[in-house]
Amino acid sequence: MENIQMLIDGEWVGSEQEQWIDVLNPATGELITQIVRGNEKHADRAVEAARKALKSKEWKSYKPFQRGQFLQETARYIRENAQRLAELESTDIGKPSAQAKGDIEAAARYFEFYAGLADKVFGDSIPIEEDLLNVTVIEPIGVTLHIVPWNYPIQITARSVAAAIATGNVVIVKSSEDTPLTTNFLAKWFHEKLPQGVFQHLTGYGAEIGSALTSHTGVNQITFTGSVPTGIAVMKSAANNVVPVTLELGGKSPNVVFKDADLERAVPVIVNSIVQNAGQTCSAGSRLLVEETIADELLEKLVEKFKTLKVGPPANNADVGPIINEKQYKRILEILGSVDDQAKILVGGEAVQVEGYENGFYISPTIIEASDHDNSFVQEEIFGPVLSVVRFSDVEEAIELANATEYGLVAGVWSKDIDVAHYVASRIDSGQVFVNSYGAAGGVQMPFGGYKKSGIGREKSHLAVQNYIQIKNIAIQVQL
Ligand code: NAD
């Protein structure tokens, strides 16, 4: 595959003079392509171009409904190229083809959803006194920076970029050093269709071009998805420039299963919630809290199911793909290797060698039962196909444990009793709670974001446009 160039100020940047970073296929360990190792100078140039584009007549003259039409066209373009995009996403992340196809459709849905909203974001008129016309006017916030991780690149790029463009902003995307392919594909489309500098794509290491961008005084807003420590660093940079951030930082999300739950219905959903994308999902159902009286029965069913899951590359039509890179792979194996007598591995727990793919990074789907909820397996985000289990004895303990981590992104509550289900759902500190289900294939229309260290602000849904607007109050005193 040809090397990937950055899109800055309407030009493709990536000459032989640049430094380059290898991008590997995690399913095979083979080189896919190289990206430019972007630096501070690239960041400066991109922000300058973005500021110019923001003020340009060309971009300002796009009416809101025209931005909507463009976003609709983008959704159509994504669907027309769904097969190719799914292949790129699978190659970059190693995720099974069906999951990659789901990601592409979700990306199209984001563009479609915010297309519909583009001309429906408006202000108020506020009655104050006679002959004073007081109105609020909605303006774009300006230069928006989108820092994207490697686990769902096209979905995460789409959800914030679509909302930002719908509201008339300009956009800089810094894709993850591991997964630039689908953003590069979209960059070519934006390059062709949008005025120069409205959409720019930068690549490179987070600590280099990433931090040059987050600390840049020309950036007006930052949307970041990734780890808690990096999120904190991004927020500190933003604080220096008094710039708002939207942070989506992961979790240790529980499925809470009560004794009257329909286990036949719950089991496949719980399994999917942790093995999807090899557990490398911010909203993964990585914690299982189960009522003591049904714990053995549920765990037996889950272990059975885990044993049937096929681990391997997309080419083998596997259920569970590889871990994204060697660093994450080693990190997860080290965590699994540290199990002591406070926890027990019920299934999995080891590296998997896949014939013909010996350089890929495969780990078997794992269930660990811990005797104590304070155990690090239960508290820390592992970001692999590892389900941590703890038993509880009653409703109050279930709520206490569900809330006993530093995260609060998503939760599942499983019970046929509507009183129990609603009582628990309303007491869990979490941005989303699903009852008798978990996840919603992208959940484009549902507000998504974290309590506690899972983040700040909400993405997806109609609410996300709030991240990308300024409100100006104009008061007109009338006198004849
Ligand atoms: P990370 O947070 O370091 O990286 C995410 C993105 O931020 C990447 O594009 C990276 O280049 C950029 N970045 C890194 N340092 C930066 C900085 N100082 N300034 C600006 N941008 C910077 O995540 P990672 O190292 O790829 O993964 C580590 C852990 O993060 C995972 O184990 C997982 O726990 C968590 N994670 C969470 C999500 C999520 O969806 N919430 C996604 C990926 C990773």
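Predicted model: local features only at pLDDT ≥ 70, side-chain atom pairs only at ≥ 80, totals over all residues.
Biologist: How much space lies in the largest pocket?
Modeller: A pocket is an open set of points on a 1 Å grid over the protein atoms alone, with protein on both sides within 12 Å along at least five of seven lines. Points are joined across faces, edges and corners, and the volume is what probe spheres set on them fill. Here that gives about 1000 Å³ for the largest pocket. Its lining has 38 residues, with W150, F224, G226, S227 and T230 closest to the centre; a lining residue has an atom within 4 Å of a point.

Biologist: Which element gives the most to the lining of the largest pocket?
Modeller: Elements are DSSP runs numbered from the N terminus: helices (H or I, at least four residues) and strands (E, at least two). Helix 9 leads with six residues. By class, this lining has 14 nonpolar, 15 polar and nine charged residues. For the classes, Ala, Val, Leu, Ile, Met, Phe, Trp, Tyr, Cys and Pro are nonpolar, Asp, Glu, Lys and Arg are charged, and the others, Gly among them, are polar.

Biologist: Where does the ligand sit?
Modeller: The test is that more than half of a molecule's atoms lie within 2 Å of the grid points. By that test, the ligand sits in the largest pocket. Helix 8 (206-214), strand 9 (221-225) and helix 12 (326-337) each give two or more residues to the shell around it, and helix 8 has the largest share, four residues.

Biologist: How many residues surround the ligand?
Modeller: Being near means having a heavy atom within 4 Å. That shell holds 25 residues, and W150, K174, E177, S227 and E381 are the closest. It splits into eight nonpolar, 12 polar and five charged.

Biologist: What polar side-chain atom lies 2.8 Å from a ligand oxygen?
Modeller: A polar contact is a pair of N or O atoms within 3.5 Å. The 2.8 Å one belongs to K174. The side chain of N151 has an N or O atom 3.2 Å from a ligand oxygen, and G206 puts a backbone N or O atom 3.3 Å from one. As for cover, the protein hides 86% of the 810 Å² of accessible area that the ligand has on its own (Shrake-Rupley, 1.4 Å probe).

Biologist: And how many cavities of 30 Å³ or more are there?
Modeller: A cavity is a set of points where a 1.4 Å probe fits but cannot get out. There are two of 30 Å³ or more. The largest is about 60 Å³, with 13 lining residues, and G279, S286, E381, I382 and F383 lie nearest its centre.

Methods
Residues numbered from 1 in each chain as written. Heavy atoms only, no water. Polar contact = N/O pair within 3.5 Å; in protein donor to acceptor, adjacent residues only side chain to side chain.
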